[in-house]
Amino acid sequence: MIAERPESVTSKKGGMFLISQTPPDQTHTPEDFSSDVKDIYQAVDEFVKTRVMPNMETLEAHDNALLKQILHECGDQGFFQVEVPEAYGGLDMSKTTATYVGEALAQAGGFAVAFGAHASIGMLPLVYFGSDALKAKYLEAMAAGKLIGAYCLSEPGSGSDAQAAKTRAVPSEDGSSYTISGTKMWISNGGIADIYTVFCQVMTPQGTKFSAFLIERNFPGVSTGKEEHKLGIKLSSTTQLILEDVVVPSENLLGEVGWGAKIAFNILNIGRYKLGSGGVGGSKAVLNASTKYAKERTSFGQPIANFGAIQEKLAEMCLEIYAAESLTYRVTGMIDEIADHAKSASEKLKAIETYRVEASIVKVYGTEVLAYCTDQAVQVFGGYGFSEEYPVARAYRDARINRIFEGTNEINRMIIPGELLKMGMKGEIPLMQAAQKLQAEMLEPSFSDDTDDAPLAAETRVVEGLKKAALQVAGLAALKFSNKLGEQQEILARVADIIISSFAGESALLRTQKMMASGKNADTQIAMTQVLVHDLAEKCAVWGREALSSFTEGDDLRLNLAAMKRLTKHDSVNVVALRRQIAAAVIEADGYLN
Amino acid sequence: MKILCLIRQVPDAEARVKAKNGLVDLEGATLALDGMDEYGVEQALRINTDGANTVAVALGGARFEDAIRRALAMGLERAIHVESSEHLDVVTQAKILAKIVQEEQPDLVFCGGQHADSDSQALGAALAEALNWNQITWTTALEIENSSVKATHDVDDGKEQLELELPLVITTQQGLNEPRYPTLPNIMKAKKKEIRKASLADYGVAGGKVRVVKQEIQDKQRLNKLIDGKDPTAAAEELIKLLHVEAKVI
């Protein structure tokens, strides 16, 4: 077993979670939130409940004037100042704060998208990559909500392969401007934004260089297409941005020529971990609605909340949210640990960049929990769930985009093992050493039998085993396919799923252990952790077997499968009884357990 | 002009309130600044727009501090918190608050027209009585010129307009204004604003004159009757029948 407490604890680096153990007292949890974080969440939550929710129907019918007005009001309230440096009228608060705000917004579906398209992906390229002159020109007005932003990466012919963009920027002879032409697609806030962050190819004598510019709506040649007719997030404005020979002053270039990918992917990282809290917030909203409904709706002479089939749904939603919440704020806490000491915007960005793998994990897990919870909420509501008169239908529609934007979940699944392997190859983290150690360990006859039966001791062993299972498959696949591993997307996706599971299980586990150590009653949290880790181990065993069977055979396969069995070994637990226990707590609390 | 705003913390409209050992137990309930008091805070900030010379005064338990911070985040300058979790009757409360008014010498005191938790409307009147000041109740509009106050207030038959001289106790009514939301920068600033803490003993009070013997929560069970709306006329008839014959509310 991994019993030693390695160097990892002090070396704050992305990816280290996979090959080290974090002590519970060093994890970050919502229970640790400062009063600042909670107060700001409450302010945003109150605003959303009073200004956005009552206007939902009008806003969903594309009342863009009202949407823009509400965004201006958000500016007046200072909501856009959270991540802006103080020098530009901002509050420069923690990433945890900015992420938690996303939870409050998520209940309003498309509004979270409009808000984030401005405050996050719309404004942060300028915060992190803009020159002082460019910040002086736009940032204060954006932080005050007087100018609304948008982020324009995709094109009709390029999405996941963003760098294949065709929009072109031709520099003027005197270097004072660029003439930009092209069409950007799926632009959130497209119809209402005043300023667009546009990614395009700058034509240079050395060839095209992917770069980013700030383009004002009122520059001649800028226009937007019609509103897209979307499946969900109808509240948000989504259009094309059409650029026809738009002359953009050179000072509006973000960073330097050729920085496009760096800007795009760093900003996407931020968007990714924020989608985790969006998933958490949206899921909590539907769990709360489902619980209330289940208690009120009677069937066969009693509230449907009395039935095991419904209780199981409420319990599962609750524990999945618990896991998503645990991993989201674990990651933002890890970022803040470094970012809070950063002396400049670029140092802060490095803190985010180091946790890019974790950001992808948060994105995938959070958005899939949201998909699960909104789907189950419709089911709890039965026929009424299918009616737009009830709140869960909109939530169900709004959830769907989350698995697509900010990098599809498939792309993010490729990033997780891909980036980890790169970090290992570069020697940034001792991944190869850990894989070699594991290989040696696998040749030993058996694990030492750990009989510690303290609460969650078994789950701790399981989580450590899952991390090793990921290492095992990734290591063997890397040996087999070498530099062609990138082509094995099915295997990479399974490795990603095992890594995500180990991180989710561990995050919930550490949080529960921290809660137990604080003396707080954690009975329900212990039950949630037990069910979660049990189910994750079951799934990982399948993914591990499927992956190994795809590229090894004969004796090798038998040996590898035996090792996988050992690494995903877990005891049976009475998940039926545990889910009933969790459901009772959910029903008592009228929803998610805060 | 110096203005005092009396504020209270009450269970939020959506809060789940429980009774334990025959008394209301607010442990775990969401609490908020009383909406009627919020009108007073807002009005004070419309009179003194920079927040100068505006003081929140609260008399209640430790958790009242959240409501106080809210009033400070809206923009009041500072606060006085007489900390006590004892049940105090309105007359005793007024006695303590009157002493604070005498210390602070404001021109105007705002008080919520009705307590959201107990429905009591007596505090403003009791304070005016203790101070021997004039009061305007259920105020929906206010205009101040020098020391003269023109106010519109609700009476049983409609509205009444009054003109009175300062100092005054003014109790609020819905419609007086639309309270602002605290902005994020102001929420942060409010954390640094002064809250002067005091105890009942500081005002020579040992306890209230009324002892609460028992409290109960009214349990409202929903009937969950759903009316099919396919035929609107029939649905309306059914609704009227249910409200008239069964619920007997119309």
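This report walks through the domains, nonpolar cores, salt bridges and a surface patch of a predicted model.

**Domains**

Let's start with how the chains are divided. Chain A has domain 1 (9-16 + 29-148), domain 2 (150-258), domain 3 (261-410) and domain 4 (426-589). The centres of domain 1 and domain 2 of chain A, taken over C-alpha atoms, are separated by 23 Å. Between these two, 30 residues of domain 1 of chain A touch 25 residues of domain 2 of chain A. Chain B is split into domain 1 (3-203) and domain 2 (220-250), and here the C-alpha centres of the two domains are 40 Å apart.

**Nonpolar cores**

The largest nonpolar core holds 228 residues, and A:Val52, A:Phe111, A:Phe213 and A:Ile215 have the most contacts inside it. Helix α9 (residues 308-339) of chain A gives this core its largest share, 16 residues. A second, separate core has 28 residues, including B:Val55, B:Ala98, B:Ile100 and B:Val205. Back in chain A, if neighbours within four places in sequence are left aside, the contacts of A:Ile215 include A:Ile180, A:Tyr196, A:Val222 and A:Leu243.

**Salt bridges**

Side chains of opposite charge can pair when their charged atoms come close. Over all chains, the count comes to 50 salt bridges.

| Salt bridge | Closest N and O atoms |
|---|---|
| A:Lys514 with A:Asp32 | 2.8 Å |
| B:Arg8 with B:Asp117 | 3.1 Å |
| B:Lys197 with B:Glu65 | 2.8 Å |

A:Lys514 sits in helix α16 (residues 489-517) of chain A and A:Asp32 in the segment before α1 (35-52), so their pairing ties together parts that are 482 residues apart in sequence. A:Asp32 is partly exposed, at 41% relative accessible area.

In chain B, B:Arg8 lies in the loop between β1 (3-7) and β2 (9-11), while B:Asp117 lies in the loop between β8 (108-111) and α4 (123-131), so this pair joins parts 109 residues apart in sequence. B:Arg8 is buried, with a relative accessible area of 15%, whereas B:Asp117 is partly exposed at 40%.

B:Lys197 belongs to strand β13 (residues 195-198) and B:Glu65 to helix α2 (residues 64-74), 132 residues apart. Both partners are partly exposed: B:Lys197 at 39% and B:Glu65 at 27%.

Salt bridges with shared partners also join A:Glu31, A:Glu103, A:Lys284, A:Glu325 and A:Arg511 into one network.

**A surface patch on chain B**

B:Leu239 is found in helix α6 (residues 232-246) of chain B and is partly exposed, with a relative accessible area of 41%.

Notes: Residues are numbered from 1 along each chain as its sequence is written. Chains are lettered from A and ligands numbered from 1 in the order in which they are written. This is a predicted model: local features need pLDDT of at least 70, side-chain atom pairs count only at pLDDT 80 or more; totals for chains, interfaces and linings use all residues. Side-chain values use heavy atoms; hydrogens and water are left out. Helices (H or I, at least four residues) and strands (E, at least two) are DSSP runs, numbered from the N terminus. Buried means under 20% relative accessible area, exposed over 50%, partly exposed in between (1.4 Å probe, protein chains only). Domain bounds come from an automatic or database domain assignment. A nonpolar core is a set of buried Ala, Val, Leu, Ile, Met, Phe, Trp, Tyr and Cys residues joined through side-chain atoms within 4.5 Å. Contact means heavy atoms within 4.5 Å. A salt bridge is a side-chain nitrogen of Lys or Arg within 4 Å of a carboxyl oxygen of Asp or Glu.
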